[in-house]
Amino acid sequence: MSNQESELNLPVKEKIVPESLKTKTIDPKDYLTFHKLTLDNNLEFWESIAKELEWFKPWERTLDSSNPPFYKWFVGGELNASYLAVDRHFRSWRRNKVALIWEGEPWDSSPREVRKLTYLDLFREVNKTAYLLKSYGLKRGDKIGIYLPMIPELPIFMLAAARLGLIFSVVFSGFSAQALADRMNDAGAKLLITADGGWRRGKVVQLKEIVDKALEMNKSIKDVIVVRRTGSEVRMEKGRDSFLHDLMSQVPNNAYVEPERVKSEDPLYILYTSGTTGKPKGIVHDTGGYMTLLHLTMRQVFDLRDEDVYWCTADVGWVTGHSYIVFGPLLEGATEVMYEGALDYPEPDRWVSIIERHQVSILYTSPTAIRTFMRQGERWITKHDVSSIRLIHSVGEPINPEAWRWFFKLVGREQVPFGSTWWMTETGGIMISHTPGGYLVPMKPGTNALPLPGIGAEVVNEEGKVKSGEKGYLVLTKPWPGMPLTIYGDPDRYVKVYWEKFPGAFYAGDYAIKDQDGYFWILGRADEVLKIAGHRIGTYELESALIQHPSIAEAAVVGVPDQVRGEVAEAFVILRSGVEPNQGLKDEINRFVRDNFGPIAVFKDIHFVSKLPKTRSGKIMRRVIRAVASNSPIGDVTTLEDEASVDEIRNAYKEFM
Ligand code: ATP
Ligand code: MG
């Protein structure tokens, strides 16, 4: 079978244009004409976006490319991210507009706590918090760590740090003591903010204990601020630990801290990538370029309007939360939902009830969440009214066409724009996506659509640009605002990982295909491509074929060495609720995939499991499965969500090999 044939199974031919959108939708050709203009006049384009922010001092040079790949944007300009996200709205009619609708996880017959903070509230809290941080003697450029659950204090501390020009590093509150210590050591943080605990699936996670353990492995942190959240008993170390509420009682209620005029290229934060592939990298983001990119993407991708209720279901501990819970929506003066806990606690419809109760209109979620909802069944959705939703996007992994269709029908009512935004920690914001806030091209289930205005993206191989329909590596061809400044403490690694493979371009590490309309289909990580009988197939392509089977909710595919074919695929599948695993089903699935994908899709085996190893951000960790399969060390698993999933894979082997 030729490569061409195997690719016909990608759903590229399918186009869905909802009636209600027809007037807004444009032909991809016209989009590309417009897009080309933004590339040909790239600096002018970005200047026009940056001008819409409020700068204390205008920039002198749009892009400094004297030392590539260490580009600097809007050099000479001065601004403050906290001022942009808070003060500007506080000083406008939005003063009493709700900024955050925060919902705690604990549930009786309704949520036990819902807190609404207006921009005025946010302004007060951020100022008081900045006042407090200042009292620790922290100065511009100092680093602090934040290890908090999803409570309002998390964005408040980030905004307060930004106000003072402190560089913060947020560590996801699901991470272990070791992971926390590694990151704090690498960043050289002086102060750490944490909580007495956090709620997760009705249980308290003892965050302070984890912090105490982490600090045994750290020397840089001198002070710890502890937020009371769960009321659990915690050990407080004298001279090091203080409760936030004790400290706050010393801070005047009307405290005001002048926002620092930071330089555009000053770092705003260091964020460690999730570590799906190995040792975490401390990605450093600037201020001016980053805020400019967020402004563009909030408008183009989310089409945010003042009457919207926006909800991003990610955790602030990931870049998605940094950009699209904290800095992006607040920069735009949004009203947004921030939810503390598990989307399916105490019942699988918790997230739907949040949409219904708060009348969420814009939803930003992930394929892993959608596949979980699929497994739980549609009745959890249909018992609620989701008609407030007018726009959906997903992020984190490729979205399998089957999951896309399912969610589009049930939540999108087959009429709202629903895209899959491709980007990564390193890019700072969305790069490839549908743009309902600009020109919207027709949807296709599972695609990432076209690069945003101003963003140069291509699919290449060692010889250069590949033809449409051919697989290759995804690169970004132009510097963009929001790009990393460097990897913290390791500029050589920054050059090596991203800029050496394809000189002059940023190598994303993802495998992709561009179809005849110019749409991008990100097929997953370049290091997760199988080579079966000479054909390159993304594990994700086979997983998507599996998910089309009505009994399957989730699937992970890995390659294992094979003497005849070079490599063969093995599948691990989670069945939908109520389906019984047996040999007959296995044969049927094998047939199904072969019929739908082509004869090349032969699985050495299909294993039924109830869990897959995933990162805490919900991505399948195929390298862990591969390691079990080849009996080699599993490596760094600090980002693994549930150790039991690895045992399941081990057991699956014992049973079937
Ligand atoms: P690490 O780099 O530490 O291994 P990570 O790559 O999972 O971790 P992130 O920066 O959070 O950390 O994720 C970016 C990656 O997620 C992308 O490189 C891509 O593989 C995948 N991704 C994100 N969004 C999409 C999407 N919409 N479609 C396809 N893939 C996506
Ligand atoms: Mg990555």
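Tutor: Strands are DSSP runs of E with at least two residues, and helices are runs of H or I with at least four, both numbered from the N terminus. The model discussed here is predicted.

Student: Where does Pro-69 lie?

Tutor: Pro-69 is in the loop that runs between β1 (61-64) and β2 (72-75). The peptide bond joining Pro-68 to Pro-69 is cis, with omega at about 0°.

Student: What is the form of the peptide bond from Tyr-345 to Pro-346?

Tutor: That bond is cis as well, with omega near 0°. Pro-346 is placed in the loop between β17 (335-339) and α12 (350-358).

Student: Why does Phe-74 count as buried?

Tutor: Buried means under 20% relative accessible area. Phe-74 has 0% relative accessibility, so Phe-74 counts as buried.

Student: Is Arg-413 buried, partly exposed or exposed, and how do you know?

Tutor: The partly exposed class lies between the 20% limit for buried and the 50% limit for exposed. Arg-413 has 26% relative accessibility and therefore counts as partly exposed. Its phi is near 45°, again a positive value in a residue other than glycine. Arg-413 is in the loop between α15 (401-410) and β20 (418-420).

Student: How many aromatic pairs does a search of the whole structure find?

Tutor: The search finds 40 aromatic pairs.

Student: Why is the pair of Tyr-269 and Tyr-290 called edge-to-face?

Tutor: Two rings pair if their centres lie within 6.5 Å, and planes over 60 degrees apart count as edge-to-face. The centres of Tyr-269 and Tyr-290 are 5.3 Å apart and their planes stand at 85°, so this pair is edge-to-face. The two residues come from distant parts of the chain, 21 residues apart: Tyr-269 is in strand β14 (residues 269-272) and Tyr-290 in helix α10 (residues 288-300). Both Tyr-269 and Tyr-290 are buried.

Student: What makes the pair of Tyr-473 and Tyr-511 edge-to-face?

Tutor: Here the ring centres are 5.7 Å apart and the planes are at 65°, so the Tyr-473 and Tyr-511 pair is edge-to-face. Tyr-473 is in strand β23 (residues 471-476) and Tyr-511 in strand β25 (residues 506-514), so parts 38 residues apart in sequence are tied together.

Student: Why do Tyr-473 and Tyr-511 count as buried?

Tutor: The limit for buried is under 20%. Tyr-473, at 12% relative accessibility, therefore counts as buried, and Tyr-511, at 3%, counts as buried.

Student: How do you know that the charged end of Lys-501 sits over the ring of Tyr-473?

Tutor: One condition is that NZ of Lys lies within 6 Å of the ring centre, and another is that it lies within 35 degrees of the ring normal. The charged end of Lys-501 is 4.6 Å from the centre of the Tyr-473 ring and sits over that ring. Elsewhere, Arg-183 lies over the face of Phe-175, at 4.4 Å from the ring centre.

Student: What is the order of the strands in the open sheet?

Tutor: The order of its 5 strands is β22-β21-β23-β25-β26, with antiparallel pairing.

Student: What makes β22 and β26 edge strands?

Tutor: Each of them, β22 (464-465) and β26 (520-525), pairs on one side only.

Student: How do you know that β21 and β23 pair?

Tutor: Pairing needs at least two bridges between the strands. β21 and β23 have 4 bridges, in the antiparallel sense. Glu-458 stands opposite Val-475 in β23.

Student: Which residues lie nearest the centre of the second largest pocket?

Tutor: Of the 17 lining residues, Leu-32, His-35, Ala-457, Glu-458 and Lys-514 lie nearest the centre of this pocket. The elements giving two or more residues to the lining are α2 (28-40) and β21 (457-461). The largest share, 5 residues, comes from α2. The space in the second largest pocket is about 270 Å³.

Key. Residues numbered from 1 in each chain as written. Chains lettered and ligands numbered in written order. Predicted model: local features only at pLDDT ≥ 70, side-chain atom pairs only at ≥ 80, totals over all residues. Heavy atoms only, no water. 1 Å grid on protein atoms, 1.4 Å probe; cavity = no way out; pocket = protein on both sides within 12 Å on 5 of 7 lines; lining within 4 Å. Points joined across faces, edges and corners; volume = space filled by probe spheres on them. Phe/Tyr/Trp six-rings, centres within 6.5 Å; stacked < 30°, edge-to-face > 60°. Buried < 20%, exposed > 50% of the residue type's maximum accessible area, 1.4 Å probe, protein only.
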